Amino acid sequence: MADLLTHVLVGYSLATLLSFRYEWLSPRYVTVAMAGSLIPDMNRAELFVSGRAVEAALGVPFSWGAFHTMGGSLLAVAVGALLVRPGIRVRVAALLFLGMASHHALDLLLINPSGHSYAAFWPITGYNPPTPNLYLSSDRWPAAVSGALAAGIWYVRYRSPFATGSRTEGR
């Protein structure tokens with residue numbers, strides 16, 4: 001669970017930092033980036049609905065594991081962007097991509113006994129890049145660090161004397 005929280009907090013931090021530069025990036029768009037950081041972990045839906053059940057219902061080959069690759073994640077980003085009105089699709093796609101990319105970047109740092117990570121860039125290549133073996137997904141310190149970072153950014157954004165959080169929503 002700390003792993004999932006870490007991804008969401010990093011998505012929040014990155015999008016909020018970008019909101020200092022881009023005025024249109026309101027809190028609701030920050031939420032989109034946070035949702036994007038959850039896309040690769042959609043592979044955990046296998047715990048609730050088996051891939052075989054989805055395959056039988058759709059009549060096409062299906063695996064939840066594809067969401068934890070770049071190809072499957074990009075497909076989910078594209079579907080997510082198509083679900084919003086045309087005027088904001090590019091922004092939503094960019095923020096979903098930001099969250100998704102940050103998730104993959106963090107997962108490529110995980111400790112793996114083989115010294116190599118997963119095939120993150122599938123279907124472009126099945127290569128498993130080497131990992132620096134920084135932390136386990138069950139470690140709590142990444143969540144603590146990302147939480148402290150997110151809290152600091154939140155403070156600067158909304159509570160500090162330099163806060164610009166009173167901007168209007170809905171652009």
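The following conversation goes through a predicted model and asks how its descriptions are reached.

Biologist: Why is helix H4 called roughly antiparallel to helix H5?

Modeller: The axes of H4, residues 70-82, and H5, residues 89-107, cross at roughly 155° and come within 9 Å. Angles over 145 degrees count as roughly antiparallel, and because roughly 155° is over that cut-off, H4 is described as roughly antiparallel to H5. The crossing of the two helices is right-handed.

Biologist: Which residues make the contact between H4 and H5, and how do they divide by class?

Modeller: On the H4 side the contact is made by Met70, Ser73, Leu74, Val77, Gly80, Ala81 and Leu82, and on the H5 side by Arg89, Val92, Ala93, Leu96, Phe97, Met100 and His104. By class, this contact has 10 nonpolar, three polar and one charged residues.

Biologist: Where do H2 and H5 meet?

Modeller: Tyr29, Val32, Ala33, Ala35 and Gly36 in H2 meet Arg91, Val92, Leu95, Leu96, Leu98, Gly99 and Met100 in H5. By class, the contact of these two helices has nine nonpolar, two polar and one charged residues.

Biologist: How do you know that aspartate 41 is buried?

Modeller: Buried means under 20% relative accessible area, and aspartate 41 has 9%, so the term applies to this residue. Aspartate 41 is placed in the loop between H2 and helix H3, residues 51-58, and it touches Asp3, Leu4, His7, His68 and His103, not counting residues up to four places away in sequence. Aspartate 41 and histidine 103 are 62 residues apart in sequence and 8.8 Å apart in space, C-alpha to C-alpha.

Biologist: Why does isoleucine 88 count as buried, and why does leucine 75 count as exposed?

Modeller: Isoleucine 88, in the loop between H4 and H5, has 14% relative accessibility, which is under the 20% limit, so it counts as buried. The C-alpha atoms of isoleucine 88 and tyrosine 29, 59 residues apart along the chain, are separated by 10.0 Å. Leucine 75 lies in helix H4, and its 56% relative accessibility is over the 50% limit, so leucine 75 counts as exposed.

Biologist: What makes asparagine 133 stand out, and why is it called partly exposed?

Modeller: Asparagine 133, found in the loop between H5 and H6, has a positive phi of about 55° although it is not a glycine. Most residues other than glycine have a negative phi. Its relative accessible area is 33%, which lies between the 20% and 50% limits, so asparagine 133 is partly exposed.

Biologist: Which kind of peptide bond joins tryptophan 122 and proline 123?

Modeller: The bond joining tryptophan 122 and proline 123 is cis, with an omega of about 10°. Most peptide bonds are trans. Proline 123 lies in the loop between H5 and H6.

Biologist: Where does proline 130 lie, and what does it touch?

Modeller: Proline 130 lies in the loop between H5 and helix H6, residues 141-158, and it touches Gly115 and His116, not counting residues up to four places away in sequence. Proline 130 and tyrosine 22 are 108 residues apart in sequence and 35 Å apart in space, C-alpha to C-alpha.

Note on methods:
Residues numbered from 1 in each chain as written. Predicted model: local features only at pLDDT ≥ 70, side-chain atom pairs only at ≥ 80, totals over all residues. Heavy atoms only, no water. Axes fitted to C-alpha atoms, helices over the stretch in contact; angles between N-to-C directions. Helix = DSSP H or I, 4+ residues; strand = E, 2+ residues; numbered from the N terminus. Parallel < 35°, antiparallel > 145°, perpendicular 65-115°, else oblique. Left-handed = near helix turned anticlockwise from the far one by under 90°. Contact = heavy atoms within 4.5 Å. Nonpolar A, V, L, I, M, F, W, Y, C, P; charged D, E, K, R; others polar. Buried < 20%, exposed > 50% of the residue type's maximum accessible area, 1.4 Å probe, protein only.
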